[in-house]
Amino acid sequence: MEEAFRKAGYKVEKTEQKSSQSLPSQGKFQLQQNYTVQAEQVILDLKTAMGRDYQNFTTSKIRNILARVSEIYNDVLAEYSETLDLEIQSRIEYLKVRLVYECGREPRVIKPFVDKAGLLQLLNGIGASRQNFINFARYMEALVAYHRFHGGRD
């Protein structure tokens, strides 16, 4: 997995607490209570920063990410425990791998989105918290909605 992170343009650091590799906290992205305002600002900032490349940032590309999140979200809602079971935690870890893959596959389009939105940092912060994942999924939905609202094409 370390190699996948490197190919996608992320620097990998060793942590003292874990023997495994993890992403550095690139600026500690925090999801605010007003996550919809935050999502809209991410999209507006991306539109400005990406310039012409924003035309290649289609709604279908980020809906693919949202579809994976939604599959997990539906299962999380079906459970009432405040902690996520190991199978769901594993699926969230795999979601990180898929995000990194998409960043490597489309570094001029998807990587800026993932970085600006703080998706990997937020996924790293979910841990076993059901509420953290629910908040992440809602934020992801808001990102897709605002992308479309602000002229994102299909």
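pLDDT is the predictor's confidence in each residue, on a scale from 0 to 100. The protein averages a pLDDT of 83, and 82% of the residues score at least 70. This is a predicted model, in which local features need pLDDT of at least 70 and side-chain atom pairs count only at pLDDT 80 or more, while totals for chains, interfaces and linings use all residues. Residues are numbered from 1 along each chain as its sequence is written, and side-chain values use heavy atoms, with hydrogens and water left out.

Let us start with confidence along the chain. Helices (H or I, at least four residues) and strands (E, at least two) are DSSP runs, numbered from the N terminus. Over residues 14-26 the pLDDT is below 50. Where pLDDT is low, the predicted coordinates should not be read in detail.

Now to the helix packing. Axes are lines fitted to C-alpha atoms, for helices over the stretch in contact, and angles run from 0 to 180 degrees between N-to-C directions.

| Helix pair | Angle | Axis distance |
|---|---|---|
| α3 (residues 59-78) and α7 (residues 130-149) | about 155° | 10 Å |
| α3 and α4 (residues 86-105) | about 175° | 11 Å |
| α2 and α5 | roughly 140° | within 10 Å |

Angles under 35 degrees count as roughly parallel, over 145 as roughly antiparallel, 65 to 115 as roughly perpendicular and the rest as oblique. So α3 and α7 are roughly antiparallel to each other, α3 and α4 are likewise roughly antiparallel, and α2 is oblique to α5.

A crossing is left-handed if the near helix is turned anticlockwise from the far one by less than a right angle, and right-handed if clockwise. α3 passes α7 in a left-handed crossing, and α2 passes α5 in a right-handed one.

Contact means heavy atoms within 4.5 Å. On the α4 side of α3, Ile 65, Val 69, Ile 72 and Val 76 are among the residues that meet α4, whose partners include Ile 88, Ile 92, Leu 95 and Leu 99. Between α2 and α5, the contact includes Val 42, Ile 43 and Leu 46 of α2 and Pro 112 and Phe 113 of α5.

Phe 113 also takes part in an aromatic pair (ring centres within 6.5 Å; planes under 30 degrees apart count as stacked, over 60 as edge-to-face and the rest as tilted). Phe 57 and Phe 113 form a tilted pair, 5.2 Å centre to centre with 45° between the planes. Phe 57 sits in the loop between α2 (35-50) and α3, and Phe 113 in helix α5 (residues 110-117), 56 residues apart.

Key:
Rings of Phe, Tyr and Trp (its six-membered ring) pair if their centres lie within 6.5 Å; planes under 30 degrees apart count as stacked, over 60 as edge-to-face and the rest as tilted.
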